[in-house]
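Below is a brisk report on packing, pairing and charge contacts. Look at the model first, then read on.

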Amino acid sequence: MILMTELIHPDRLAKLERMREAGIDPFPARGVDSTPVADVQAGGGTNEEPGELIDTKVTIAGRLMGMRDFGKLIFAPIQDRTGRLQVGIQKGRIEKGPTPDWWPERKFLDPGDLVSITGELGWTQKGELTIWAEEVKLLSKALAPPPEKFHGLADKEVRYRRRYVDLWASEGVRDVFITRSRILSHIRSFLESRGYLEVETPTLHPVMGGATALPFSTHHNALDMELFLRIAPELYLKRLIVGGLERVFEISRNFRNEGISNRHNPEFTMLELYQAQGDYTHMMEISETMISGAATDILGTTEVEFRGATYNVQAPFQRERYDALFEKHNEGVSIHDEDAVAARAKELGVTVAPGLGHWKLVGEIFDETVEPHLAGPIFVTHYPSAICPLAKPDPTDTRFAERFELFIGGMELANAFSELNDPILQMEKFEEQVAMKDPETPGEVDVDYVQALEYGMPPAGGLGIGIDRLVMVLTGQDSIRDVLLFPTMRRQGADESEAESEAEPTNEASDEAKPAKSE
RNA sequence: GGGCGCGUAGCUCAGUCGGUAGAGCAACUGGCUUUUAACCAGUAGGUCCCAGGUUCGACCCCUGGCGCGCUCACCA
């Protein structure tokens, strides 16, 4: 348990007391009407061409980012969500303003405080746009000192845990999240313009499905029922295609109980969309048009820097068949030759659980030998049917499915297929999955989903795009944590009981001192 | 889960062949009306991540733990 007295810095607490004694409210109830800093800057123009706001009175509100105190003049940068602007606080102007007795109160201000400044917009001798303050209002006192003004927050742990500081104290962080929001906005308007309906399907699933992944499980008390946090919305969205909504999408938070890495977070955001009368080729067109359009609209270019390389996300993207890529990177190994594939797997040291077949091995070899070379953007098409339980087989060669994955920078960004709508074939594939008894595959057949297919699902294309990864590529961030406002972290400062249960094998020291105790 | 690395003042970081620690910023006091990480003088601020061990003595060495980063494995 952290006490308030441990959090608050004594020197600021003392200042708070002095302020209250002086009759100042450190946390006033109301804010002020103000102009965004960026608008003030736009209205200020340049020295050569002063804008219409010069010599007029403006009010800005934001965080006091520092103070350069010259005795009777203080320069201070003020930052709001749109930018940063200098204010100049002069004793003489304050004393002629609406609060002539304020000047001594400047001593109560600290970097990090939230303030508003009203005054005339002008210039300094060095030509910097500056508001010459007539009135300074404290809007909220900061009791915790801000990070060092030059370096900002450098410790990644602190940055992720205290994003509320990182967002204003570290350069560029806010922009990443503004861009993320614009990307989502672009996606919504793009899909709506094509007649898609945004829908919301359950997060709590009675039967896991739609992907292979370990789920989080939970329990509903009133129904006394085990539920899984969704690993994918796919099966519900396709029920809606059966239901005749024809074009649907969901921006879905999915939960997978697996490792954390620079590309994986236990909860992540996925766009899934389904289109009746569509197939995987339509999904390719949607992917490339949407991504390329987002880049053009938001970044103003389709050239993006990611992990030290430049990628051009201009549509159309390259397309290559899975088997061709496999054989190109594994010379002399035919994808259908079980012995050659097994030999190649041995050579690479690739293993799969016994009982899993030839195609699983092919998949492992592909991941190992091909994926790292997929700079992209590239659509890899025609995955082996055997590893695609929800995709429709290619009618010209049913060993492969009408499916593609999109790669950029060796990272999978999207997965799509012509949806399997044959209920009997779907039932067979589900039963195969259940028989595998793999904790990452469903433990039971989703009978209701098969029943939905029995009513008839039109031919349809479906697409899933990893939104976090797309944002990584478009904002040039190496780690998924840098595009998530609050990435999943281990809990800090857990109390004794919890710390103990995790560290249980370390009790040997007390063995003989402890009488037998029922556990 | 494995490997490597990191954890020192509110922040950014030094440091000690093992003799209980420093700088800059922030804070406090004083000075300064045009700075841009302002400057000048002074003051204060530390469970050196935690627990054991070795040692006359541990922030430093050893063992274990906790947290984080990078990376491998798995996946999207």
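This is a predicted model: local features need pLDDT of at least 70, side-chain atom pairs count only at pLDDT 80 or more; totals for chains, interfaces and linings use all residues.

Residues are numbered from 1 along each chain as its sequence is written, and side-chain values use heavy atoms, with hydrogens and water left out.

**Salt bridges**

The whole structure holds 23 salt bridges (a side-chain nitrogen of Lys or Arg within 4 Å of a carboxyl oxygen of Asp or Glu). Among them are these.

| Pair | N to O distance |
|---|---|
| Lysine 57 and glutamate 134 | 3.2 Å |
| Glutamate 250 and arginine 230 | 3.1 Å |
| Lysine 238 and glutamate 234 | 2.8 Å |

Burial here means under 20% relative accessible area, exposed over 50%, and partly exposed in between (1.4 Å probe, protein chains only). Lysine 238 is buried at 0%. Helices (H or I, at least four residues) and strands (E, at least two) are DSSP runs, numbered from the N terminus. A network of salt bridges with shared partners joins Arg12, Lys15, Asp110, Asp113 and Lys141.

**Glutamate 250**

Glutamate 250 sits in strand β11 (residues 247-255). Its relative accessibility is 2%, so it counts as buried. Arginine 230 is buried too. The side chain of glutamate 250 also makes a polar contact of 2.5 Å with that of threonine 201. Such a contact is a pair of N or O atoms within 3.5 Å; within protein, one must be able to donate a hydrogen and the other to accept it, and residues adjacent in sequence count only if both atoms are side-chain atoms.

**Cores**

The largest nonpolar core has 45 residues. Such a core is a set of buried Ala, Val, Leu, Ile, Met, Phe, Trp, Tyr and Cys residues joined through side-chain atoms within 4.5 Å. Leu191, Leu271, Leu273 and Leu463 have the most contacts inside it. A second, separate core of 40 residues includes Phe326, Leu361, Ile378 and Ala401.

**Strand β20**

Six of the eight residues of β20 (residues 411-418) are buried. Strand β19 (residues 403-408) pairs with β20 in the antiparallel sense over six bridges; pairing needs at least two DSSP bridges. Isoleucine 408 has methionine 411 as its bridge partner in β20. Two residues lie between the strands of this hairpin, where glycine 409 takes a positive phi near 60°. β20 also runs antiparallel to strand β21 (residues 460-466), joined by five bridges.

Notes. Chains are lettered from A and ligands numbered from 1 in the order in which they are written.
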